[in-house]
Amino acid sequence: MSVVINEKRRSLLQAASSVGLLMGSGLASEAIAATTKQDPWKQAQAIIDRFAKPIHFRKEDFLVTSYGAKTCEVKPVEAWVSFVERKTLQTPVAEATDCYPAIAAAIAACHAAGGGRVVIPAGNWYCAGPIVLLSNVNVHLNAGAHVYFSNNPADYAKYGKYDCGKNGKLSMTRWEGNDCLNFSSMVYAYGQRNIALTGDDWTSILDGQAGVNFTDSPYCWWSWKGREKPSSVGDIAPGSGDWIKHQKGETEVSLNPQNPVSLAEVAPHLTEEKRLFIQGEGDKWRRDSNYLRALAEAGVAADRRVFGLGHFLRPHMVQFINCSNVLFQGYQVTNTPFWQHNPVGCRNIHVKNIYANSVGPNSDGFDPESCNYVLIEDSTFDTGDDCIAVDAGKGPDVQYGPSQNIVVQNCKMHSGHGAMTFGSIMSAGIQNVFAQNLVFENSHWKTDPLNIAIRFKCNMSRGGFLKNLHIRNISIPNGIRTTPAFYSTLPGSVIPTKSVATSAGAVITIDCGYDPINDNVRTRPPVVSDIHISNVNVGNVDTGAGQFSSYQAIVILGPVPSDYNGPASPAPKIVPVKNVTISDCDLGNPVNKENPMYLFNVKDLVLKNVRVGGTVYNKTLSV
């Protein structure tokens with residue numbers, strides 16, 4: 001085995017202070033308590049057993065047709081189905097009846113009656129606004145029900161609780177781990193209990209129409225991503241050579257003139273030193289995606305972080321916030337503007353037999369964020385980003401606490417950046433997560449391969465912790481992506497830029513230096529420990545140059561001390577990734593056979609009966 005080591009790391013680690021406080025990491029005492037000694041898979045079974053009794057709803061159906069909903073005619077349209085591919089899809093005709101009022105009325109009546117099912121029958125339905133769930137309501141799609149959500153952004157800035165003037169009537173949302181007022185998600189709930197979104201089967205479809213052009217426009221929801229061209233991280237098979245274009249100045253990464261020229265306008269309490277630190281150099285902080293991070297770092301209240309109309313933060317497909325006793329079962333979502341599912345601060349979530357089917361930009365399949373007690377099972381994911389990503393807030397927005405007590409089992413993953421992912425949005429910490437009996441099918445390996453199988457990502461901005469994570473019995477018959485993709489590092493980093501394949505190409509990746517160039521505030525060192533992976537079996541595919549499973553087998557980039565940019569003295573303690581075990585695995589034949597593993601700032605990586613190529617490893621490594 002050849003292990004790549006950067007010698008500068010040792011002197012930087014020695015220079016880091018031995019002070020035990022992790023400045024700004026927000027680790028509560030209970031979150032850093034010693035991991036329980038009991039059998040971890042008994043812990044997992046106890047979580048599964050919590051969901052043996054299904055959520056109960058009152059036995060009455062409320063048909064949306066009784067409240068004025070009417071089916072619609074559809075017509076063919078050329079639309080994007082990924083960043084690089086167009087197909088002929090169906091979309092409602094211009095004169096289609098808007099079913100938003102009928103669905104809202106049915107939900108209100110069901111809730112007022114004490115609960116039940118709001119039923120959307122078979123047929124095509126046009127909805128120009130969000131489906132907003134209330135307590136004790138199960139919104140159910142019959143087989144053959146296809147809900148086409150409007151692709152007019154203004155329709156998700158009409159009905160929110162917060163009247164923000166020219167920005168619209170907005171909803172309290174969370175966007176990439178930070179709270180804000182923004183467009184409602186297409187299916188939304190806030191502070192509700194005993195709710196469900198269900199379907200008869202995968203012909204029960206919620207369609208975000210994210211690749212269908214806006215009216216009289218060559219742009220669509222996915223244009224707001226603002227990507228100039230196909231990236232090395234994904235989109236590696238552009239096919240026709242065409243890709244989604246965007247309107248200059250109208251993306252999440254464009255400088256938005258509606259954002260103030262100085263944080264002092266919205267955060268006058270900041271000292272000049274703190275203001276300049278958060279803003280960083282230049283005007284990049286005024287881009288919508290960066291501006292939200294800056295507002296959070298500045299301590300601006302969530303209800304004063306106003307986006308919506310005139311801004312370009314795409315809405316989620318399904319976002320439930322601060323809800324309890326939640327069921328997602330038996331339907332398909334497709335063509336979603338942003339993440340497909342994002343429950344935030346929710347408790348007791350059961351996900352069963354859903355099809356998360358959207359491969360557009362940032363189309364994560366299911367992102368439980370700061371949730372407690374979650375079971376995800378028997379579902380399929382084909383995504384344009386991570387299939388499942390466990391999250392837990394970003395920066396100061398950690399009020400919902402860690403993500404914990406989660407089981408993922410008996411699922412199948414196809415395309416995506418990571419099949420089973422932890423972070424990078426993890427400032428409140430992630431613990432007690434169990435994943436088992438999964439198939440990372442990677443059926444599109446020739447054209448749109450899965451980038452990474454098992455992925456952990458964090459950095460000096462998000463901080464937080466990853467611990468007590470257990471993964472077993474993973475089948476990867478078609479390998480993963482066999483070409484590398486690198487994240488650019490910071491100037492002056494001890495890690496040379498574009499030298500470590502943390503973004504794509506390794507079966508198992510622990511990346512503690514994830515995308516640092518987009519974070520001005522890097523004062524929260526992450527802590528990663530107690531990760532246990534077993535019985536992962538990776539097949540090889542014929543790439544034309546040989547039979548290969550991946551680019552590399554294992555990449556572990558521990559915390560990079562040079563990324564820290566807080567006060568020089570005292571510096572927080574920056575600790576290595578530690579107590580990771582990988583056992584009884586066959587990781588196939590990586591392309592990079594000279595360096596099948598990359599390790600940096602790692603302590604006690606235990607390899608037991610791990611086969612890589614023709615070599616079996618039984619050793620403990622610390623570098």
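**Strands, core and cavities: a chat**

Colleague: Hi! How many bridges join strand E19 to strand E21?

Modeller: There are 5 bridges between E19 (residues 347–352) and E21 (residues 372–377), and the two strands run parallel. Bear in mind that this is a predicted model.

Colleague: New topic: which residues touch the most other members of the largest nonpolar core?

Modeller: Phe-320, Phe-328 and Phe-440, in a core of 121 residues. Helix H3 (residues 100–112) gives the largest share of this core, with 6 residues. There is also a second, separate core of 20 residues, with Leu-263 and Phe-338 among them.

Colleague: What is Phe-328 in contact with, beyond its neighbours within four places in sequence?

Modeller: Its contacts include Phe-320, Leu-197, Phe-366 and His-350.

Colleague: Nice link! How many cavities of 30 Å³ or more are there?

Modeller: The search of the whole structure finds 2. The largest holds about 100 Å³ of space, and among the residues closest to its centre are Tyr-487, Gly-513 and Leu-557. Its lining has 9 nonpolar, 5 polar and 3 charged residues.

Colleague: Where does the largest share of the second largest cavity's lining come from?

Modeller: Strand E11 (residues 169–175) supplies it, with 3 residues. That cavity has about 30 Å³ of space, and its lining includes Trp-175, Phe-183 and Arg-314.

How values were computed
Residues are numbered from 1 along each chain as its sequence is written. This is a predicted model: local features need pLDDT of at least 70, side-chain atom pairs count only at pLDDT 80 or more; totals for chains, interfaces and linings use all residues. Side-chain values use heavy atoms; hydrogens and water are left out. A nonpolar core is a set of buried Ala, Val, Leu, Ile, Met, Phe, Trp, Tyr and Cys residues joined through side-chain atoms within 4.5 Å. Buried means under 20% relative accessible area, exposed over 50%, partly exposed in between (1.4 Å probe, protein chains only). Helices (H or I, at least four residues) and strands (E, at least two) are DSSP runs, numbered from the N terminus. Contact means heavy atoms within 4.5 Å. Two strands pair if DSSP finds at least two bridges between them. On a 1 Å grid over the protein atoms alone, a cavity is a set of points where a 1.4 Å probe fits but cannot get out, and a pocket is an open set with protein on both sides within 12 Å along at least five of seven lines; lining residues have an atom within 4 Å of a point. Grid points are joined across faces, edges and corners, and a volume is the space filled by probe spheres set on the points. Ala, Val, Leu, Ile, Met, Phe, Trp, Tyr, Cys and Pro count as nonpolar, Asp, Glu, Lys and Arg as charged, and the others, Gly among them, as polar.
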